[in-house]
Amino acid sequence: MASKVSGEGDGQDTARFEIIQISPGKIKYMNPKFSKIQAKMYDYKCDIKLKVGNASFKAHRDVLAEASDYFSAMFSHDMLEKEKDVIELHEISPGGFTVILDYFYHGHVTIDQLNIEDVLEAARFFHVEFLVDACCDYLVHQLGMENYQNVLVLADKYWLGDLRSEIFGFLGNNIIQLSEENNFFENLDGDLLVQLVKDDFYIDAHEDFILFLVQKWVNTKPEERSELLLPLLRLIRFPLLDLETLETLHSSFSQFPEIQDAVEEAKHYNYNVSSQCLRQGIQFSARGAAPHVVMFSFVEGRYILTYKSLTSSGICTEELGGNDVVMEHDLGSSSSIAIGDFFFCAGGYDVRLCSSNRMFRFSSRTREWTELASMAQPRVSHASCCSRDRIFVLGGVDHQLVDNNEFESILASVEMYDIADNSWIPLPDLLFGSYDHAAAFHDNELYMTGGISADPSEPIPTGTSFKLSLGTESWEPIAGMLHPRQGHSITAHNNRLYVCGGYTCQPVSNVGFTDCTNNEMYDIETNQWTEITPTPPSFGHILRSVALYEDEIYFVGGGHLGSYDIEKDKFKCKEYFGLFIQKVAVMNVAYPSKE
């Protein structure tokens with residue numbers, strides 16, 4: 001998949017302790033922030049004796065007070081124990097106190113399956129958060145796979161919070177390596193496996209491997225586990241399996257007709273590549289996928305994706321090596337739209353800097369580009385928009401190079417791509433050729449605004465707007481924009497069109513272009529334009545590629561990811577991601593969390 005992934009995942013601080021694996025199941029946790037103390041355990045300067053059950057321990061008051069708020073309060077306030085030479089501690093075991101006393105003096109603790117509960121008990125009793133964190137790490141990474149239910153009991157007993165997400169995160173990120181360990185399939189807890197494939201956790205493995213995991217786990221102890229095979233198979237996302245795998249599965253599950261039906265449906269999904277974006281449901285999504293703003297950068301035959309989570313603070317950058325699609329086509333110059341978890345790029349320039357009629361589709365699940373049916377007309381600087389099952393391209397420029405001579409024409413043609421049929425259909429032409437305009441689809445109608453018109457009577461750029469009711473013969477004018485512009489964005493939402501950014505003519509001189517910071521909204525019912533909040537100067541020029549998520553329009557301006565809150569009529573700045581970003585979309589994306 002990716003050649004390089006970096007960024008923030010779950011925000012976990014990996015430097016909170018250093019770890020040494022002493023033996024299988026036995027881990028030493030060292031506190032890197034521990035300050036070495038001069039006092040020695042059990043030396044002649046010990047000034048306090050502690051009785052824990054049937055055991056006695058000698059220690060130094062100042063060491064105990066420095067290491068634990070519990071002892072600090074005991075020795076510094078008017079408590080009965082303050083003046084005592086012998087203190088009896090209840091509700092804690094000698095084993096737990098032995099471990100924690102060693103930590104107080106040396107800054108490290110060794111945990112194994114025999115003492116984990118004693119350490120937890122002492123860590124909670126003396127309010128030592130480092131030891132609580134170490135115990136949580138041990139429970140997740142060492143015990144979670146084999147003693148899942150016991151871990152949940154300990155987590156509840158000692159108020160550790162819900163460790164299930166951490167356990168599943170560790171298992172999902174390391175499933176292939178863990179499966180290679182001795183006795184993994186024998187010891188893997190059944191409830192843990194069921195929850196892993198049932199809930200939408202990220203798993204760093206292909207769905208083929210998950211099917212293999214389920215089958216091998218059942219076959220390891222068939223007499224105990226065979227009754228779980230069908231429930232587990234129902235949780236497999238068959239459409240995500242490789243087609244080669246699907247071709248071999250039908251006979252494997254002859255005892256389960258419903259699984260055979262699922263396999264056949266998955267084969268149909270994989271055969272009909274162009275219509276995959278029309279299928280919705282969790283079985284078609286990558287495990288652990290969540291909505292992200294996806295920012296595309298196309299640089300020298302490769303492309304870089306930056307993901308900004310819309311449900312957490314997570315940010316990830318993924319660099320993918322060049323392929324034929326990227327090498328042969330300037331995707332940055334194409335017109336693009338997103339449908340579901342797929343991103344479509346149509347037209348643009350080819351390697352000769354001629355207009356192209358090719359269209360490509362990117363899958364956020366596989367991170368792969370697929371070429372689909374080509375448009376009838378090569379075009380660049382055109383507009384595109386979509387409905388749920390159709391893509392529309394309007395106008396643009398046909399720039400060609402023939403015998404070292406350049407030819408260029410402004411286009412009025414309009415085409416519609418039928419996703420289910422993977423074919424293009426001509427629609428009525430625009431009234432005049434146009435390029436650098438914007439288009440939107442709403443309620444079976446196409447809208448086109450602004451741009452540079454081939455009509456010599458129109459200003460440059462124009463504010464003229466048109467609409468086409470699908471099924472009718474021609475475009476009709478609607479109210480013109482308040483601010484003429486080109487290269488702008490347009491977003492349809494709740495019976496309104498929101499226009500942001502672009503370029504407009506220079507004030508006074510009307511020669512040349514400048515950033516258009518005025519933004520506006522078109523009410524479809526009333527056929528009226530209204531000013532909305534202008535773009536803040538700090539954003540600079542807003543790219544025409546934008547993405548809608550709920551009530552916010554996401555865009556990139558001046559290298560910053562920003563958004564416009566439709567309900568609040570307010571612009572918000574997110575983060576700076578650099579000046580090379582060319583496309584923006586909102587899609588569901590899955591990637592490993594940072595451990």
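The following legends describe close-up views of a predicted model.

**View 1. Helices H6 and H7 in contact.**
Helix H6 covers residues 148-157 and helix H7 covers residues 164-173. Their axes come within 11 Å and cross at roughly 145 degrees. On the H6 side, the residues that meet H7 are Tyr148, Val151 and Leu152. Their counterparts in H7 are Arg164, Ile167 and Phe168. Five residues of the contact of H6 with H7 are nonpolar, one is charged and none is polar.

**View 2. The largest nonpolar core.**
This core has 86 residues. Phe71, Phe97 and Phe104 are those with the most contacts inside it. Helix H5 (residues 129-143) supplies the largest share of the core, 10 residues. Domain 1 (18-142) and domain 2 (171-284) each give at least three residues to this core.

With neighbours within four places in sequence set aside, Phe97 is in contact with Leu50, Val52, Phe57, Phe71, Leu89, Ile92, Ala122 and Phe126. Phe71, one of these partners, is also listed with Phe97 among the core residues with the most contacts.

**View 3. An open sheet of four strands.**
The strands run in the order S22-S23-S25-S26, and their pairing is antiparallel. Strand S22 (438-442) and strand S26 (476-478) are the edge strands, each pairing on one side only. On average, neighbouring strands of this sheet are turned by 30 degrees against each other, direction ignored. S22 pairs with strand S23 (residues 445-449) over five bridges, in the antiparallel sense. Phe441 has Leu446, in S23, as its bridge partner.

Ile460 and Pro461 are joined by a cis peptide bond, with omega at about -10 degrees. Pro461 is found in the loop between strand S24 (452-453) and strand S25 (465-469). S25 also belongs to the open sheet of View 4.

**View 4. Phe539, a buried loop residue.**
Phe539 is found in the loop between strand S32 (528-532) and strand S33 (547-549). Phe539 counts as buried because its relative accessible area is 2%, under the 20% limit. Leaving out residues up to four places away in sequence, Phe539 touches Phe555, Gly557, Gly558, Gly562, Phe571, Lys572 and Cys573. Lys308 is 231 residues from Phe539 in sequence, and the two are 18 Å apart in space, C-alpha to C-alpha.

**View 5. Arg367, with a positive phi.**
Arg367 is not a glycine, yet its phi is positive, at about 60 degrees. The residue is found in the loop between strand S15 (359-363) and strand S16 (369-372). Arg367 counts as buried because its relative accessibility is 4%, under the 20% limit.

**View 6. Asn495, with a positive phi.**
Asn495 has a positive phi of about 65 degrees, although Asn495 is not a glycine. The loop that holds Asn495 lies between strand S27 (489-493) and strand S28 (496-500). Asn495 has a relative accessible area of 22%, and so counts as partly exposed, whereas Arg367 is buried.

Note on methods: Residues are numbered from 1 along each chain as its sequence is written. This is a predicted model: local features need pLDDT of at least 70, side-chain atom pairs count only at pLDDT 80 or more; totals for chains, interfaces and linings use all residues. Side-chain values use heavy atoms; hydrogens and water are left out. Axes are lines fitted to C-alpha atoms, for helices over the stretch in contact, and angles run from 0 to 180 degrees between N-to-C directions. Helices (H or I, at least four residues) and strands (E, at least two) are DSSP runs, numbered from the N terminus. Contact means heavy atoms within 4.5 Å. Ala, Val, Leu, Ile, Met, Phe, Trp, Tyr, Cys and Pro count as nonpolar, Asp, Glu, Lys and Arg as charged, and the others, Gly among them, as polar. A nonpolar core is a set of buried Ala, Val, Leu, Ile, Met, Phe, Trp, Tyr and Cys residues joined through side-chain atoms within 4.5 Å. Buried means under 20% relative accessible area, exposed over 50%, partly exposed in between (1.4 Å probe, protein chains only). Domain bounds come from an automatic or database domain assignment. Two strands pair if DSSP finds at least two bridges between them.
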